[in-house]
Amino acid sequence: MDLQQRVAVVTGANRGIGYEIARQLAQRGVHVVITARDEARGLEAREKLSQEGLSVSFFPLDVTSDESAQALATHLQKTFGRLDILINNAGVALDKWVPSLAVEMDVFIRTYETNVFGVMRVSKMLIPLMKQHGYGRVVNLSSNLGSLEKAGGFTIAYRSSKTALNAVTRVLALELKHDDLLINAMCPGWVKTELGGEDAPRSAEEAADTAIWLATLPAGGPSGGFFQDRKPFPF
């Protein structure tokens, strides 16, 4: 099956890196279902991409809601009968550069609810659609701040949530290695987005490249890895 027959979901795709990943996948002929919690922003993103002549649709998704994730799975099954690519991009950073002992526990909970539990919730609902056809590519948007080998201080809720996401990636990849399901995490680097700020040196276009590479890996490609710029990044 070539890319023109593939269906992808990109979470949090109304702006930034998620939007750019959706755009580049659609440019390769993949039909992309962009999702966002804010329906108005999601529809606006879909309209912009459609105006480029790209095959995209929109479905509202709150990754913190079981009902919302189930509704997306039902929509995909009824509309396409399959899912080939899942980009878990939706995430929050609520404690940037806050000293660890000053971070409120509610911030920890909300961070993990989106960055870890949200990824697991969506994966649990959507990976079974991949298993139906014996093919799937899952890309989890992590961060260099989640690397234990390169760990620094501050931003503990966000850092540790991405470390946990890397562990989720590795465990799922090991369990599903016989189903042609390749599951990897990637670090986009410091990117000029709403999260990264205007001083960031990398564009969203550059950041999306590794995600696109992982999303279109051939059979036998790497799984359970953590990558930046198409190269292994230390866990």
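Q: In this predicted model, which exposed residues does α3 carry on the face turned away from its buried side?
A: Happy to start there! That face of α3 carries E67 and K78, both exposed.

Q: And which residues of α3 are buried?
A: The general idea comes first: an α-helix has 3.6 residues a turn, so residues three or four places apart point the same way. In α3, the buried residues are S68, A69, L72, A73 and L76. Viewed down the helix axis, these buried residues fall within an arc of 140°, so they line one face of α3.

Q: How far does α3 reach from its first C-alpha to its last?
A: Helix α3 spans residues 66-79, 14 residues in total, and reaches 20 Å, close to the 20 Å expected at 1.5 Å a residue. Both ends are worth a look. At the start, a side-chain oxygen of S65 comes to within 3.3 Å of the backbone nitrogen of E67. Just after the helix, G81 has a positive phi of about 70°.

Q: How many residues does the largest nonpolar core have?
A: In soluble globular proteins, nonpolar side chains tend to be buried together. Here the largest nonpolar core has 33 residues, and those with the most contacts inside it include V10, I21 and I87. Helix α6 (residues 204-215) gives the largest share of this core, seven residues. Apart from this core lies another, of 31 residues, among them A90, F108, M130 and L172.

Q: Which residues is I21 in contact with, leaving aside neighbours within four places in sequence?
A: I21 is in contact with V10, I87, L141, A208, A211 and I212.

Methods. Residues are numbered from 1 along each chain as its sequence is written. This is a predicted model: local features need pLDDT of at least 70, side-chain atom pairs count only at pLDDT 80 or more; totals for chains, interfaces and linings use all residues. Side-chain values use heavy atoms; hydrogens and water are left out. Helices (H or I, at least four residues) and strands (E, at least two) are DSSP runs, numbered from the N terminus. The expected span of a helix is 1.5 Å times one less than its number of residues. Buried means under 20% relative accessible area, exposed over 50%, partly exposed in between (1.4 Å probe, protein chains only). The arc is that of the directions from the helix axis to the C-beta atoms. A polar contact is a pair of N or O atoms within 3.5 Å; within protein, one must be able to donate a hydrogen and the other to accept it, and residues adjacent in sequence count only if both atoms are side-chain atoms. A nonpolar core is a set of buried Ala, Val, Leu, Ile, Met, Phe, Trp, Tyr and Cys residues joined through side-chain atoms within 4.5 Å. Contact means heavy atoms within 4.5 Å.
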